[in-house]
Amino acid sequence: CNGGTIQNCILVNNQAIGTDVVDGLGGGVYLANGIMSNCVVYANSATSTNTYQNAWGGGVYCYGGIMQGCIVTNNQCTGYYANGGGVTLIGGTLKNSRVAGDVAGSLEYANGGGVYANIMQSSVSSFIDACIITNNSVTTTDTYIYTAANAAGGGLNVGNGTIVRSTLTVGNIAQSVAGFTSGGGVWTSGSTIENCTVVNNT
């Protein structure tokens, strides 16, 4: 969806599959500069068939768009870099929504079990407001003893100017078989967290 509107829809059991040259973007929805409201995004997946390609947004890949009043649940993102089990925001907005039970999984680098958010073209920041981020997980599976594998942000992985406001992040997990973990609830770098509750994450 490029510049359009998605409203009052159910999006279920869809896939975005990356190749040798293209990442998997938005298992359920690819939203570019559009508006998505009052939708349920369930059991979708974004993945890559190439070991070194990336996957973004198991449920939704939101580039400069607005998501509001949505439920994003039980989606999965897998790739060498797996970013956003439920939602990837690149200069996008997520508000009044629930992101629950989503998974970002990778052999090496997994970021944001629920939401991965970052800046768009060095100028437009992402914004998360009045959301519930719960029971998501981020996992890496490399078993090599000297691995640099990293699982970051079981609930949220937010960077580069992202603003998170009035949001509950609860019951999320960051886990790694032999590598590093950081931020069971939230991993943040260069972002602002305001009036939020982060509780009972692992």
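1. Rings of Phe, Tyr and Trp are taken as a pair if their centres lie within 6.5 Å; planes under 30 degrees apart make the pair stacked, and planes over 60 degrees apart make it edge-to-face. In this predicted model, ring pairs join Y80, Y81 and Y109 into a cluster. The count of aromatic pairs comes to five.

2. Y80 and Y109 have ring centres 5.7 Å apart and planes at 80 degrees, so this pair is edge-to-face. Y80 sits in the loop between strand 13 (76–78) and strand 14 (81–83), while Y109 belongs to strand 19 (residues 109–111); the pair therefore ties together parts that are 29 residues apart in sequence.

3. Y81 and Y109 form a stacked pair, with 4.8 Å centre to centre and 15 degrees between the planes. This pair also links distant parts of the chain, since Y81 is in strand 14 and Y109 in strand 19, 28 residues apart.

4. Are Y81 and Y109 buried or partly exposed? Y109 has 21% relative accessibility and counts as partly exposed; Y81, at 33%, also counts as partly exposed. The cut-off for buried is under 20%.

5. The largest nonpolar core has 24 residues, and M36, M67, V115 and I128 have the most contacts inside it. At least two residues of this core come from each of strand 5 (29–32), strand 10 (60–63), strand 15 (87–90), strand 20 (115–118) and strand 25 (156–159). A second, separate core has 10 residues, including A16, A46, A55 and A82.

6. With neighbours within four places in sequence left aside, the residues in contact with I128 include L89, L94, V115, A117, L156 and V158. Also among them are I163, V164, R165 and T167.

Notes:
Residues numbered from 1 in each chain as written. Predicted model: local features only at pLDDT ≥ 70, side-chain atom pairs only at ≥ 80, totals over all residues. Heavy atoms only, no water. Core = buried A, V, L, I, M, F, W, Y, C linked by side-chain atoms within 4.5 Å. Buried < 20%, exposed > 50% of the residue type's maximum accessible area, 1.4 Å probe, protein only. Helix = DSSP H or I, 4+ residues; strand = E, 2+ residues; numbered from the N terminus. Contact = heavy atoms within 4.5 Å. Phe/Tyr/Trp six-rings, centres within 6.5 Å; stacked < 30°, edge-to-face > 60°.
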